[in-house]
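Here is a friendly tour of a fold, meant to be read with the model open beside you. We start with the sheets, move on to the helices, and finish with a few local details.

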Amino acid sequence: MRVVIIGLGSIARKHIAALQKIDTTVEIFALRSGLSSSNVEGVSDFYRFEEITSIEPDFVLLSNPTSIREETLKRLLTLDKPLFIEKPVLSSLDNATAIGREIKDRDLLTYVACNLRFRECLSFTRDLLSTTDEEINEVNIYCGSYLPDWRPGTDFRTVYSAKPELGGGVHLDLIHELDYSYWIFGTPEKVIATLRSSSSLNIEAVDYAAYQLFYPGFTANVVLNYYRRDYKRTLEVVTNVRTLSVDIAGNTVKDHTGTTLFVGEESFLSTYTRQMQNFFDLLNGSDALENSFFDGVEVLKMTLHES
């Protein structure tokens, strides 16, 4: 297996660890911006986009900054290689239709990385809801964390998350919550969004996002923020029978009586390995979880509140 990576940041390194765990013989090549870039063990550097052709990768992993992802993606399409694309799939929808048309014309395999789909507690909840006759009355999704703690030793105001021109903002960083809502409940009929940059963090990027997703029979409320010091990531599903409380951080599911329905055994990092194995299965033509460019665009429409 040969893999080319474009964008060698912290998330890419998690994907690298997953690749190396699944296939100890994998050959990884990274397109670097300059000779001063730090080396990564097990990764061979190259410096010109045109060299990808001679490497002949089995797929390309795209995880460069969101603000330039579209430009890079357009160039990659001409290579006719399967694409593993870090979320969000794009920073805007301006050219999504044209890109999607070319992907269809070239019959390219694409996958958008949203590893929360591989968190055990969410998989359990999705399976449970799909096998019962319970009527959903309300869904509440919450993710709050503290941006200054994300990268210890680095001024959080200087990272891409704090800068809208680089594709930052909590609505894009934490697009996972909207992605798993789409995965579990489908496409909403209507979306109302509130995006603000008004917290004590004093950053220009969106630091608070609230969504109402309207489905037949129920509404899903989604709240995301960058400023909560005690990390909290939860899903609550209120049905006509019970309330399901999913602690995504703790990997557990309980009902309204406090009874534990599920306790996951795998670490959060394992979601990256499970996701990469799923992508390998897609490459091999087997029945696996799909999350194509087109799914990524549907989630981005919800995120950006555009139809």
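In what order do the six strands of the open sheet stand? The order is β3-β2-β1-β4-β5-β6, and the pairing is parallel. This is a predicted model, in which local features need pLDDT of at least 70 and side-chain atom pairs count only at pLDDT 80 or more, while totals for chains, interfaces and linings use all residues. Residues are numbered from 1 along each chain as its sequence is written, and side-chain values use heavy atoms, with hydrogens and water left out.

**How the elements are defined**

- Helices (H or I, at least four residues) and strands (E, at least two) are DSSP runs, numbered from the N terminus.
- Two strands count as paired if DSSP finds at least two bridges between them.
- Axes are lines fitted to C-alpha atoms, for helices over the stretch in contact, and angles run from 0 to 180 degrees between N-to-C directions.

**The parallel sheet**

- The six-stranded sheet has β3 (43–46) and β6 (110–113) at its edges, each with a single partner strand, so one side of each has no neighbour in the sheet.
- On average, neighbouring strands of this sheet are turned by 25° against each other, direction ignored.
- Strand β2 (residues 27–31) runs parallel to β3 and is joined to it by four bridges; isoleucine 28 has valine 43 in β3 as its bridge partner.
- Helix α3 (residues 66–77) lies across β1 (2–6), β4 (59–62) and β5 (83–86), and runs at about 180° to β5.

**The mixed sheet**

- Eight strands form another open sheet, in the order β8-β9-β10-β7-β11-β12-β13-β14, with mixed pairing.
- Its edges are β8 (190–196) and β14 (260–263), each with a single partner strand, so one side of each is left without a neighbour in the sheet.
- The twist averages 15° from one strand to the next.
- β12 and strand β13 (residues 252–254) run antiparallel and are joined by three bridges; valine 246 stands opposite valine 253 in β13.

**Helix pairs**

- The axes of helix α5 (residues 120–130) and helix α7 (residues 176–185) come within 10 Å and cross at roughly 30°.
- α5 and α7 are therefore roughly parallel to each other (angles under 35 degrees count as roughly parallel, over 145 as roughly antiparallel, 65 to 115 as roughly perpendicular and the rest as oblique).
- Where do α5 and α7 meet? Leu122, Ser123, Arg126 and Leu129 in α5 meet Tyr180, Trp183, Ile184 and Phe185 in α7, with contact meaning heavy atoms within 4.5 Å.
- The axes of helix α1 (residues 10–22) and helix α8 (residues 270–283) come within 9 Å and cross at roughly 65°.
- Among the residues that meet there are Ile11 and Leu19 in α1, and Met276 and Phe280 in α8.

**Local details**

- The count of salt bridges comes to 14, where each is a side-chain nitrogen of Lys or Arg within 4 Å of a carboxyl oxygen of Asp or Glu.
- One of them joins the side chains of arginine 242 and glutamate 134 (2.7 Å, N to O).
- Arginine 242 lies in the loop between β11 (227–239) and β12 (243–247) and glutamate 134 in the loop between α5 and β7 (136–146), so the pair ties together parts that are 108 residues apart in sequence.
- Most residues other than glycine have a negative phi, and most peptide bonds are trans.
- The peptide bond from lysine 87 to proline 88 is cis, with omega near -15°; proline 88 is in the loop between β5 and α4 (96–106).
- Glutamate 56, although not a glycine, has a positive phi of about 55°, and this glutamate 56 is found in the loop between α2 (52–55) and β4.
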